[in-house]
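Biologist: Hi! Could you walk me through this one? I'm new to reading structures.

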Amino acid sequence: MSEEIFLMKGNEAIAHAAIRYGADGYFGYPITPQSEIMETLMDEAPWKTTGMVVLQAESEVASINMVYGGAGCGKSVMTTSSSPGMSLMQEGVSYLAGAELPCLLVNVMRGGPGLGTIQPSQADYFQTVKGGGHGDYKLITLAPASVQEMADHVALGFDMAFKYRNPAVILTDGVIGQMMEKVVLPPFKARRTEQEIREQCPWATLGKPANRKPNVITSLELDAKLMEDNNIRFQNKYKQIEKEFVLFEEINCEDADYILVAFGSMARICQKAVELARQEGLKVGLIRPITLWPFPTEVIAKYAPKVKGMLSAEMNAGQMVEDIRLAVNGQTKVEHFGRLGGIIPTPNEVVTALKEKLGA
């Protein structure tokens, strides 16, 4: 049977992939530039076919707490928003991490601070990978660079969330969310039965075994020593994730004198910049982090002593560049190039910055 190829927006691909994954519930609130996710789910009406719940909450705060409730039952639940909406959710995100509940969050970033603009940005990197809420926690973070990856990362995000009992985030932006491309959607997968949830999620409140006391999923622990024990266990889990789950792409890095590092839509721009730079005789490569956390520290460190410099290209004032500098550990020069407020740079601007900032 031949593959079905569709033409759709990145936001639409998220919605279709969630239905096909067998997601149990979506709870969200409209905000530009991600509203098509919920609109597509409403149009597809999966409650009539798969039984998936799709609900517009009264606010972002309500939606993240609905996710908390669904996740506590072992259900595959998700929410989506854009930058200001994600800021409102941060308390709930911290609670989910503290209760070790799997869920999928999608942030289609726009410019800020504050309400900012509806144009694309990558300025939520710090909020996402450094912990936008309170406490010591980490979020598995995927950065798609195409509509196809928007679809693919739904299943990957859910699977990793359940594997590690940890919230996962698809961190994208208005470019990828709004652009239309060809995409092959995953096959339909049945939602898990309640018996399967009992077997796969013994920690969940749903269908508890007869010999187990009622389980209340919470991140609260009044005993300081027990809270410390919880945090130590969390940190050990994060180290395990860092060891087992790091994704990245290397492009033309083998002979590179200079390396660009970029994620999401900026990685697409930088791929063209690599092509233009090489036409001018500059040996330039690209490292594209696909997981922003865990960050591909080791591959960046591997190239650091081999190149004359690295340029972090981001649609922000300089955020991922700090993780690149930590990875390089002083072995080569690292500079940042970025545009702010929703302006999308061109490949030629990246090449110019490479020359000016690194002397290429």
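Predicted model: local features only at pLDDT ≥ 70, side-chain atom pairs only at ≥ 80, totals over all residues.

Biologist: Thanks! How are the rings of Y125 and F263 placed?

Modeller: Their centres are 5.9 Å apart and their planes are at 35°, so the pair counts as tilted. For the cut-offs, rings of Phe, Tyr and Trp (its six-membered ring) pair if their centres lie within 6.5 Å; planes under 30 degrees apart are stacked, over 60 edge-to-face, and the rest tilted.

Biologist: And where in the chain do Y125 and F263 sit?

Modeller: Y125 is in helix α6 (residues 125-129), and F263 is in the loop between β10 (258-261) and α11 (264-279). The two are 138 residues apart, so to speak linking distant parts of the chain. Those labels come from DSSP runs numbered from the N terminus: helices are H or I with at least four residues, strands are E with at least two.

Biologist: Which residues form a cluster through ring pairs?

Modeller: Y125, F126 and F263 are linked that way. The structure holds 5 aromatic pairs.

Biologist: Switching to strands: what is the order in the open sheet of 7 strands?

Modeller: The order is β3-β2-β4-β5-β7-β6-β12, with mixed pairing. Two strands pair if DSSP finds at least two bridges between them. β3 (53-56) and β12 stand at the edges with a single partner strand each, so one side of each has no neighbour in the sheet.

Biologist: How do β2 and β3 pair?

Modeller: They pair in the parallel sense, over 4 bridges. One detail there is that G25 has V53 in β3 as its bridge partner.

Biologist: Which way do the residues of β2 point?

Modeller: In strand β2 (residues 25-28), G25 and F27 point one way, Y26 and G28 point the other way, and all are buried. In a regular strand the side chains alternate between the two faces of the sheet.

Biologist: Last topic, pockets. What is the volume of the largest pocket?

Modeller: About 380 Å³. On a 1 Å grid over the protein atoms alone, a pocket is an open set of points where a 1.4 Å probe fits, with protein on both sides within 12 Å along at least five of seven lines, and lining residues have an atom within 4 Å of a point. The volume is the space filled by probe spheres set on the points, which are joined across faces, edges and corners.

Biologist: Which residues lie nearest the centre of the largest pocket?

Modeller: Of its 18 lining residues, E242, F295, P296, T297 and E298 lie nearest the centre.

Biologist: And what about the second largest pocket, what is its volume?

Modeller: About 270 Å³. Among the 18 residues lining the second largest pocket, G111, G112, P113, A123 and D124 are the closest to its centre. Helix α4 (residues 83-88) gives the most to that lining, with 3 residues.

Note on methods:
Residues numbered from 1 in each chain as written. Heavy atoms only, no water. Buried < 20%, exposed > 50% of the residue type's maximum accessible area, 1.4 Å probe, protein only.
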